[in-house]
Each structure stands twice: as structure tokens, then as C-alpha cells.
Amino acid sequence: MKEVMAIVRQNKVNATKDALAEAGAPAFTCRKVLGRGKKLIDMTLLRSIVDSGEIPATATGEYLSETQRLISKRVFTLIVEDDKVDDVVKTIIDVNSTGNPGDGKIFILPISESYRVRNGESTTEAY
Amino acid sequence: MLLVRAIIRPEKVGTVLSELLSAGFPAVTKMDVFGRGKQKGVKVGEIFYDEIPKEMLLMVVDDKDKDDVVRIVMKYARTGENGNFGDGRIFVSPVEEAYTISTKTKGL
């Protein structure tokens, strides 16, 4: 058993959900998280808009550009059988890739045991 | 690769994040969590609080960087000289594979 942890864009949640159901891995947990990646946000674009006076530089805007920004993302957590990992990873990558930085990351972690709360079934049958 | 999960005080997140950034570890995921520790929560007057708000930081790093990351979190998430109960915990678990979605490549 493996845990697939995928950090994706917020607006790709529905597409990912549908694709995973089709790929035969419908069970997942999704959470709102904040984060940043290796590439920092390029604020020069925004800076030029503020400088040209297109939008007023409010105190909030100033504050936001001074501190580090974390971007809102969704993290999917799926527990899947070993032989399904490649399929799931491929599905997530296909649905979520726009080719731009910020599409997200996928991590695979080992899971040693799992139990079903309803009846105490263990490991393989209860993932 | 290793996943470092650090559960820390919400007010320490800012310092820890900026220190990680300046040490060359920009990639972090943060989530709000609630929990209690070995001290079973905190008692304030008559009321017992056992769902204490904390922030969880998730970082996936190369094996060689793990000690640095843990050291930085440990140093800056601590309160006072010797630390206090409730400063948090750090867990490290193995990660087998990592993929970047935008470039479709394997690895960190």
C-alpha cells in the first residue's frame, strides 16, 4: 500500500476528482492548504501595475508584497495498492499539467497498515 | 527523500518560514490543525482545552538536508531559552517518489 499525496491547483479539484473516479481510485481525502514552491512568486508584474497607477497601492497591498506569500492549494491524499500507483500518478499529472510552474507536486509515501473502522478489517482488504 | 512534518505554534510560523527561506528551503506546505500532546492539553481555570490550534508544516527534502531543516525549525519554533510545553513536534517519514506536475519529471 502506498499513500499518494498530490498538491494541486484549487480549480483543478473537480477535474482531478472525475479523472480519479474513472481511473478506478475513487477514494480520497482533500484538504485546503497554503504553500510555496521552489520558485518564488514573480512580483515584478504586479509592481509595474502599481507603479503605473492602474490600481491604487493600498496599505494591504503594500503589506502583502512585503511579507512572504503562500499560495492557496488543495492536497489530495489517496491510499492505493502498489500496482495502482503508476496509474494514479499518471492520471493526476495528465489532468493537472498546464505546463506552468505552480501546477503542483506528487509524493509517494509507504503505508504499513490500514484498518477499516466499521468492522476492524485490516491491511489489504481495507484500503 | 524524507517528509518532515512539523507541528508548531501558529505565532511562530512567520519566523520559521522566513528562516527556512533564507536558508534555501523555500518549498513548504502549511495546514491548520488542532490537537493535544502528552500533557493532555492545557487547563485554564476550570476549563480544560484539549483541541489546541497549531500549524503543520510539510516539507519534502533530500536526505542530506533533513538535519538542517529540523535544526532550523527546532531553533525558531521554540519559545524562551529552554522551550516550553506546546512548542510542537517534528516527525520525519520516508518518501519513495516525487513528481513535478508542470514538467512531468520525477524527482524533487
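The following legends describe close-up views of a predicted model with chains A and B.

**View 1. The contact between chain A and chain B.** In this view, 28 residues of chain A meet 22 residues of chain B. On the chain B side, α1 (13-22), β2 (28-35), β6 (88-94) and β7 (97-100) each contribute at least two residues. That side of chain B consists of 13 nonpolar, five polar and four charged residues.

**View 2. Strand pairing across the two chains.** Strand β2 (residues 29-36) of chain A pairs with β2(B) in the antiparallel sense, over three bridges. Within β2(B), T29(B) stands opposite G35(A).

**View 3. Two packed helices of chain A.** Two packed helices are described by the distance between their axes and the angle between them. For helix α1 (residues 13-22) and helix α4 (residues 85-96) of chain A, the axes come within 9 Å and cross at roughly 145 degrees. The crossing of α1(A) with α4(A) is right-handed. From α1(A), the contact involves A15(A), T16(A), A19(A) and L20(A), while α4(A) provides V88(A), T91(A), I92(A), V95(A) and N96(A). Six of these contact residues are nonpolar, three are polar and none is charged.

**View 4. The largest nonpolar core.** Nonpolar side chains in soluble globular proteins tend to be buried together. The largest nonpolar core holds 36 residues, of which V4(A), A6(A), V88(A), V89(A), I106(A) and V16(B) touch the most other members. Both chains take part: the elements that each supply at least two residues include β1 (2-8) and α4 of chain A, and α1 and β5 (52-61) of chain B.

**View 5. The surroundings of I106(A).** Apart from its neighbours within four places in sequence, I106(A) is in contact with V4(A), A6(A), V89(A) and I92(A) of chain A, and with A98(B), Y99(B) and I101(B) of chain B.

Conventions:
Residues are numbered from 1 along each chain as its sequence is written. Chains are lettered from A and ligands numbered from 1 in the order in which they are written. This is a predicted model: local features need pLDDT of at least 70, side-chain atom pairs count only at pLDDT 80 or more; totals for chains, interfaces and linings use all residues. Two residues are in contact if their C-beta atoms, placed from the backbone, lie within 7 Å. Helices (H or I, at least four residues) and strands (E, at least two) are DSSP runs, numbered from the N terminus. Ala, Val, Leu, Ile, Met, Phe, Trp, Tyr, Cys and Pro count as nonpolar, Asp, Glu, Lys and Arg as charged, and the others, Gly among them, as polar. Two strands pair if DSSP finds at least two bridges between them. Axes are lines fitted to C-alpha atoms, for helices over the stretch in contact, and angles run from 0 to 180 degrees between N-to-C directions. A crossing is left-handed if the near helix is turned anticlockwise from the far one by less than a right angle, and right-handed if clockwise. A nonpolar core is a set of buried Ala, Val, Leu, Ile, Met, Phe, Trp, Tyr and Cys residues joined through C-beta atoms within 7 Å. A residue is buried if 20 or more other C-beta atoms lie within 10 Å of its own, exposed if 12 or fewer, and partly exposed in between; C-beta atoms are placed from the backbone.
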